[in-house]
Amino acid sequence: MRYKRWSTNGLNAVLAETMERFSDRDRGLILQVLDHIQTVDEIFSHNLEARDRPYVAPRSAELPSFEAVAGKARSIGDWYVDYTDRLTPAQLDETIAFTFSNGAPARMTRGDMILHVATHGAGHRGNIGAILHLNGVQPNPDRITDFLEAGDT
């Protein structure tokens, strides 16, 4: 989760500097993907703590601004690092029943939920990276090896 926080914050820093370079279509697409990542992160944080969640879909009812999504991403990234730092191996293996946003019942271990959040975000950061490349913008270093080299653990 430290890697996810680092790479997400890095992507958002690049976007903060370059969003004006993109067409309205590409800005909208980037924002939709960021919002989707953020919403799923929040949904699973609620699932992990057995809290009611305010979402009925894996996206916001109204598309927020880039600044709002980036701010929420920083907060939820910190939450996941703090949360996972406190978990014991037994807690990681604990199965939790919850409901997907489409209403389907589900059961996952805490560890599987955390893995899902990490890999889900990585995949969608790659989608945004492709848009950056198509627009001549160099994405942030996003490899786990970059994270380890940076020593930002």
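1. Strand pairing. In E2, threonine 109 is the bridge partner of threonine 95. Strand E1 (residues 95-99) and strand E2 (residues 105-109) run antiparallel and are joined by five bridges. Two strands count as paired if DSSP finds at least two bridges between them. Helices (H or I, at least four residues) and strands (E, at least two) are DSSP runs, numbered from the N terminus. The hairpin of E1 and E2 has five residues between the strands, and glycine 103 takes a positive phi near 95° there.

2. Basis. This is a predicted model, in which local features need pLDDT of at least 70 and side-chain atom pairs count only at pLDDT 80 or more, while totals for chains, interfaces and linings use all residues. Residues are numbered from 1 along each chain as its sequence is written, and side-chain values use heavy atoms, with hydrogens and water left out.

3. Aromatic pairs. The structure holds seven aromatic pairs. Rings of Phe, Tyr and Trp (its six-membered ring) pair if their centres lie within 6.5 Å; planes under 30 degrees apart count as stacked, over 60 as edge-to-face and the rest as tilted. The pair of tyrosine 3 and phenylalanine 147 is edge-to-face because the ring centres are 5.8 Å apart and the planes stand at 65°. This pair links distant parts of the chain: tyrosine 3 sits in helix H1 (residues 2-18) and phenylalanine 147 in helix H6 (residues 144-150), 144 residues apart. Phenylalanine 147 has 5% relative accessibility, so this residue counts as buried. Buried means under 20% relative accessible area, exposed over 50%, and partly exposed in between (1.4 Å probe, protein chains only). Ring pairs also link Tyr3, Trp6 and Phe147 into a cluster.

4. Tryptophan 79 and tyrosine 83 are stacked, at 4.7 Å centre to centre with 10° between the planes. They are four residues apart in helix H3 (residues 66-86), so about one helical turn separates them. Tyrosine 83 is buried, with a relative accessible area of 5%.

5. Helix H1. At 1.5 Å a residue, the 17 residues of H1 should span 24 Å; the end C-alpha atoms are 25 Å apart, which agrees. The expected span is 1.5 Å times one less than the number of residues in the helix. Buried residues in H1 are Lys4, Trp6, Ser7, Thr8, Leu11, Asn12, Val14, Leu15 and Thr18. The buried residues of H1 pack against helix H2 (24-48), H3, H5 and H6. One of the H1 residues is threonine 8, buried at 13% relative accessibility. Threonine 8 touches Ala73 and Arg125, not counting residues up to four places away in sequence. Contact means heavy atoms within 4.5 Å.

6. Which residues lie closest to the centre of the largest cavity? A search of the whole structure finds one cavity of 30 Å³ or more. About 140 Å³ of space lies in the largest cavity. Of the 17 residues that line it, the closest to its centre are Lys4, Thr8, Asp41, Ala73 and Ile76. H1, H2 and H3 each give two or more residues to the lining. H1 gives the most, with six residues. On a 1 Å grid over the protein atoms alone, a cavity is a set of points where a 1.4 Å probe fits but cannot get out; lining residues have an atom within 4 Å of a point. A volume is the space filled by probe spheres set on the points, which are joined across faces, edges and corners.

7. An exposed leucine. Leucine 115 lies in helix H5 (residues 110-134). With a relative accessible area of 52%, leucine 115 is exposed.

Conventions
On a 1 Å grid over the protein atoms alone, a cavity is a set of points where a 1.4 Å probe fits but cannot get out, and a pocket is an open set with protein on both sides within 12 Å along at least five of seven lines; lining residues have an atom within 4 Å of a point.
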